[in-house]
Amino acid sequence: MKFRRVDGTFGLLFTVMLVIAAGNTALQSVLPALGRSLHAPDSAVAAVFSVSALLWVIAAPFWANRSDRHGRRAMVLVGIAGFTVSLGLCGLCLALGINGWLGPVATFIAFVAGRVIYGTFGSAAPPAVQAIVAGRTSREERTQALTLLASAFGLGTILGPAIAPYLVMGHLWPGGPLIGLAGPAFAASAIGVVIWIAAARGLPKDEGNEHGAAISYPSIGGQGTGATVTAATADETNENVRYFDPRIRAWIVAGLIIGHAQAMTGQAIGFLIIDRMHLPPVEALQPTGLVLMIGAGASLLAQWGLIPMLDLRPRALVLVGAGLGAVGCIATGTATTLYGIALGYALTALGMGFARPGFTAGASLGVGAEAQGSVAGKVTSVNGAAFVLGPSIGVGLYELWRPLPYLTAAGALGCLLVYAWAATRTKAEDQ
């Protein structure tokens, strides 16, 4: 497919989505090392991202509706500005803390303020980006174009942890201030400035009548499942499906359990590598990035390769994914070597790669065409909600006992196996 009318614009919008996701996950991947370097409690570090994710979940629908009334281009610029200011403030306060010019409490408060800005304003860009693309493509091209656009967000969640270790910086000059682990935040903010200028100069002023949809919070392991594309392309409908409508209740419960299991285990992995490998925080960045990349690759293998090849139904996807995820969580939590952690986390991610599209497809197939937009919105919010409490729960359990978040996630996924087997069995013939 060729986007004759949007080649340059689409490339710019693709980059916007990529950078917003990659910058957030790059910072997320170095946060365990940052917390340990600043002697902050592990649970406090996780709570910072929980606050950001909560604000994203609340603000994303607001910005999606506002872009329809106040201009897509303006909302894209607001989102990029929020991202840039947030990462810049985070980098500044972390650098001040690393050099001892700001106390731990003040550093933490300033960092929280930076994350609040990201959660509140960063979510303005994705729905507006979708709306611009939708307005400049034909109906036949739209789904494909928005799917490709969504892949930029997913790619960003992988790219961020991969490049973060290379963005750690030394002293500005010999004997000068140390940037250190604040480097990824500064680098992302600088890129944000460039992207904002490019968007201000290059985005079209024509608006169109198309709409975008809220997108889940970009987090490690939180690759999209296509629900946001469905929501953005769905026709306006009068049917508003409740979260626990009997037609989708089992799938929503499955999504909540799967998402929380993934958020708990993913947020704790950096701390686990530091402690199990007995590494200084800075030296743990590369093995952490490696493990996260392997996990992301396993998830993409499931979504892009194994699912199309095996042609499994939603019920089978959830059952297979929950089973693999449970085994992977146990392996990760009990591993004592980097190889064991990487293998266990890859198996966990592979399971989540099966299960997340499974619950998304199951919920979609549970309703008719007139309710697809509503259900897709519910699925997107469930995906995002998992990263509100999941990271804090996971790291809180980790502080009690290192294997506990992984064993807890394994137990939850085991319970899901039983529940999903019973709750979706009557619908298996149709799905």
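Reader: Which helix holds both Phe10 and Phe14?

Author: This is a predicted model. Phe10 and Phe14 are four residues apart, about one turn of the helix. Both lie in helix H1 (residues 7–37).

Reader: Are the rings of Phe10 and Phe14 stacked, edge-to-face or tilted?

Author: The ring centres of Phe10 and Phe14 are 6.4 Å apart, and their planes stand at 40°. Planes under 30 degrees apart would count as stacked and those over 60 as edge-to-face.

Reader: Is Phe10 buried or exposed?

Author: Buried means under 20% relative accessible area. Phe10 has 8% relative accessibility, so Phe10 counts as buried.

Reader: Which residue does Arg36 form a salt bridge with?

Author: Side chains of opposite charge can pair when their charged atoms come close. For Arg36, the closest N and O atoms of the bridge are 3.0 Å apart. Arg36 is partly exposed, with a relative accessible area of 22%. The partner is Asp42.

Reader: How many residues apart in sequence are the parts that Arg402 and Asp275 tie together?

Author: Arg402 and Asp275 form a salt bridge, with the closest N and O atoms 3.8 Å apart. Arg402 lies in the loop between helix H13 (372–400) and helix H14 (404–423), whereas Asp275 is in helix H9 (residues 249–277). The pair therefore links parts that are separated in sequence by 127 residues.

Reader: Which residues do salt bridges with shared partners join into one network?

Author: The network includes Arg402 and Asp275, which form a salt bridge. Arg36 and Asp42 also form one. Shared partners join the members into one network: Arg36, Asp42, Asp275 and Arg402.

Technical notes: Residues numbered from 1 in each chain as written. Predicted model: local features only at pLDDT ≥ 70, side-chain atom pairs only at ≥ 80, totals over all residues. Heavy atoms only, no water. Phe/Tyr/Trp six-rings, centres within 6.5 Å; stacked < 30°, edge-to-face > 60°. Helix = DSSP H or I, 4+ residues; strand = E, 2+ residues; numbered from the N terminus. Buried < 20%, exposed > 50% of the residue type's maximum accessible area, 1.4 Å probe, protein only. Salt bridge = Lys/Arg side-chain N within 4 Å of Asp/Glu carboxyl O.
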